[in-house]
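Biologist: I am new to reading models. Can you take me through this one, feature by feature?

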Amino acid sequence: MNGMSASLWLGCLFLISLQRTHAQLDQADGFIEHCRPQPSCKECINSSPSCAWCKLQDFTKPGETDSTRCGPLQDLLKRGCNLSDIINPTNTWEVKENLPLSEDNDKKIVQLAPQKLHLKLRPGVPETFSVNFRRAEGYPVDLYYLMDLSYSMKDDLENIKKLGNDLLVALKNVTKSVKIGFGSFVDKTVLPYTNSLKSKLENPCPERTEKCQSPFSFKHVLQLTDNVTEFELKVSQQSISANLDSPEGGFDAMMQAAVCMEEIGWRNVTRLLVFTSDDTFHIAGDGRLGGIYLPNDGRCHLNKEGLYEKSNVLDYPSVGHLAHTLFASNIQPIFAVTTNTLQPYQELSKLIPKSAVGELKHDSSNVIQLITDAYNNLSSTINLQHFKLPQGFDISYHSLCGNGITLNQKQGQCSGVKIKEQVTFNVTLRAKQCLETKQSFQIRPLGFSEELQIEVETLCDCECHDFTENADYCSNGTGNFSCGICRCDATRLGRLCECDRSQIKEKNLDSTCRMDNNSLVCSGRGKCVCGKCECSIKAHGNFCQCDDSSCPRDGGEVCGGNGKCDCGICECNEGYSGDACDCSLSEDFCKTPEGVVCGGNGTCECNKCKCNVGYSGKMCELCITCKTPCENYRDCAECKSFGTGKLKHTCEESCSMTQIKMVKSSYSSGKDWCHVQTDGGLLTFVHEEKEDGTVILTIKEPPEQVNPIPIIIGVISGIVLIGMMLIIVYRVMVEVYDRREFHRFEKERQNVKWQDADNPLYKSATTTIINPKFQDDNDTDN
């Protein structure tokens, strides 16, 4: 790093430290109002980060209880407690191990520093420490190749059998030590995932003429090795298999590859898990379709042949379970998938830390380039995360990367980090509660084996270093002395253990706690103990007669926040006065930018302007009774131009220092014009004051008056004419329509044939009636 870069980093670190200091001060200030008196030192310092305890023996006033020893640090100092007698724990941290970051020729690679820290934290007070990371060149890599051997990956398998040497050569370009292993997967061997017919379990290929290996869930084929020949031999012995449904059992395979650490042969180096498939995946719950209800237990279940033997017993893992396992095992998955399944795996990658997705060609011919690009992308992104953080702690990260600063993250992250480039993370840790014992957790960069071990303990006890058993101060040894107060024996009572419990009931000591016979015990603000008043909070005095909360208030604060209440009377700070210390003696808020107090139109009282009669505004800049320039020159402008107005008879004498200049109504200038309605009409003018007292009034000539009568007559005539034309047009249209309708009616009437012979409706009806009597006679004659 050159000198300029180093200076830049130092400047950034200083800025962060300064921001942190201000933040801590602001936070501490925010706790001041929550600091309440507590009866013991331990309860005091644990009640609020802003609370401190005074252990000075004679610190309390008459009538005050020991709880008044608890308060903000500045208050205790003002009340006379020495800094050396104040218990106010502060955070500390110690570096236990800090090996330097690796240089070019170092045999042992160190990328993270420091390696061990011990922190002592006071609850509520944050502490920030720095973690440095420098990306080393040639960091070792373990790569486990996990391949989908379902029937649709048939052409991909042929290319994978040849890639062993090329893959090692590509990885050795970026690292000195690399090992590769191989595993494969299909799906669970029960319906509806796999055909369970005996013949199909022996040969699941769609065509009987083809030969496929029996289906399986996951098979660990080759442990991580640097032997290329062995890799190619083992992979060449693999054959394709088949299943029924489209989603594959890849999650089962990834889980076993992550938890079977010894079987896979993972080293404590960068761990890559390359997952290749052309279809989606089963997730937790899908196993119920095959009658599998037991959830995945996240344990290794590989038999001697490397097969996952609990496949048909345990369900698929969930996305969250798998992500947690990969995260805990420090394994970075690379999903090499085909175009049709690219989007689901991209969404999956968002849920798995430090993972990558690449588009795989249909025959896997680009897998080496895909792995190389993904590895470079993953290794150049530094994600700093914590593990096993104790309950009751908050943690945040400030990332100081080469391309900028990112504040208040849940994890540290820098992208595009080059080899030998150093980045810094400022980690802020805050305890929210006390710990019973020491706790530890780790911070590490994802994908790397190194980590920072952090041991933390909380500061919840007072280290007063003044414990005295049977101290003389406590009434000649009737109690133990610690942190400025007496802890009495079971038989004693009182602030100094001065009373015997067995005798106190026999004596009526309340009378000694009254100011007079008519007053309440301890003025109603405390209780009588051993004949002496122990006052409540804010009260003090031999009879608790002084109440420090009874002083006048301003803005809701006792003594306006600008003084101290002493026995009901405000003792104001310097620069303040008044019963409630509400009157500031400063004049800063009364002065104009020119330094004139209240603009010369008022007086400053309590740092506020009190304006003279007729003036208002914060600086008395507004004159209520004063005329505007337009109003001042209106009368002269009117009498000079129109000869009208109040001054028309005395215009020459009253406006002797006023000159007018008439201009056209179209004249314009950069000044604001006065528009005044006068007896003579609208008056538009602008004034200009000369040094000799002369006033020049530039007045616009009134526009020529236009006679409105012809315009009105013309408008009315036009409206009447247009109305008449509309009526005529309407009547013409109605007449034309009526004529057309009548003509059509006449034409239809003429075409109607009223006596059409062919129409049965118009034929005459003929009815023949025969009398049966005459019918019989006719029949007889015949």
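Biologist: What separates E735 and R739 in helix α17 (residues 708-750)?

Modeller: First, some ground rules. This is a predicted model, in which local features need pLDDT of at least 70, side-chain atom pairs count only at pLDDT 80 or more, and totals for chains, interfaces and linings use all residues. Residues are numbered from 1 along each chain as its sequence is written, and side-chain values use heavy atoms, with hydrogens and water left out. Helices (H or I, at least four residues) and strands (E, at least two) are DSSP runs, numbered from the N terminus. Now the general idea: an α-helix has 3.6 residues a turn, so residues three or four places apart point the same way. E735 and R739 are four residues apart in α17, so about one helical turn separates them.

Biologist: What do the side chains of E735 and R739 form?

Modeller: They meet in a salt bridge, at 3.2 Å from N to O. The term means a side-chain nitrogen of Lys or Arg within 4 Å of a carboxyl oxygen of Asp or Glu.

Biologist: How many salt bridges does a search of the whole structure find?

Modeller: It finds 14. One of them pairs R267 with D142, at 2.8 Å from N to O. These two link distant parts of the chain, 125 residues apart. R267 sits in the loop between α9 (261-264) and β11 (270-277), while D142 belongs to strand β8 (residues 141-148).

Biologist: Which residue forms a salt bridge with K188?

Modeller: D252 does, and the closest N and O atoms are 2.9 Å apart. This pair also spans distant parts of the chain, 64 residues apart. K188 is in the loop between β9 (178-185) and α6 (198-202), and D252 is in helix α8 (residues 250-259). Both K188 and D252 are buried.

Biologist: Why is α8 largely enclosed by the rest of the structure?

Modeller: Count its buried residues. Nine of the ten are buried, so the helix is largely enclosed. Among them are F251, M254 and M255.

Biologist: How do I read a strand like β14 (residues 382-387)?

Modeller: Check burial, then partners. Five of its six residues are buried, so β14 too is largely enclosed by the rest of the structure. Two strands pair if DSSP finds at least two bridges between them. Strand β17 (residues 412-414) runs antiparallel to β14, joined by three bridges. There L384 stands opposite G412. Strand β19 (residues 439-445) also pairs with β14 in the antiparallel sense, over four bridges. Here F387 has Q442 as its bridge partner.

Biologist: Now the backbone. Which residues does a cis peptide bond join?

Modeller: Start with the rule. Most residues other than glycine have a negative phi, and most peptide bonds are trans. A cis bond joins A113 and P114, with omega about -5°. P114 is in the loop between β5 (112-113) and β6 (116-121). Another joins L191 and P192, with omega about 5°. P192 lies in the loop between β9 and α6.

Biologist: Where does N476 lie, and what is its phi?

Modeller: N476 is in the loop between β20 (452-458) and β21 (479-482). Its phi is positive, near 60°. N476 is exposed, at 69%. C567 also has a positive phi, about 55°, although it is not a glycine. Find C567 in the loop between β31 (563-566) and β32 (569-572). It is partly exposed, at 34%.

Biologist: Last topic: cavities. How many cavities of 30 Å³ or more does a search of the whole structure find?

Modeller: One. On a 1 Å grid over the protein atoms alone, a cavity is a set of points where a 1.4 Å probe fits but cannot get out, and lining residues have an atom within 4 Å of a point. Grid points are joined across faces, edges and corners, and the volume is the space filled by probe spheres set on the points. The largest cavity has about 50 Å³. Its lining includes L326, F327, I331 and K354. α10 (319-328) and β12 (331-337) each supply at least two lining residues.

Methods. Buried < 20%, exposed > 50% of the residue type's maximum accessible area, 1.4 Å probe, protein only. 1 Å grid on protein atoms, 1.4 Å probe; cavity = no way out; pocket = protein on both sides within 12 Å on 5 of 7 lines; lining within 4 Å.
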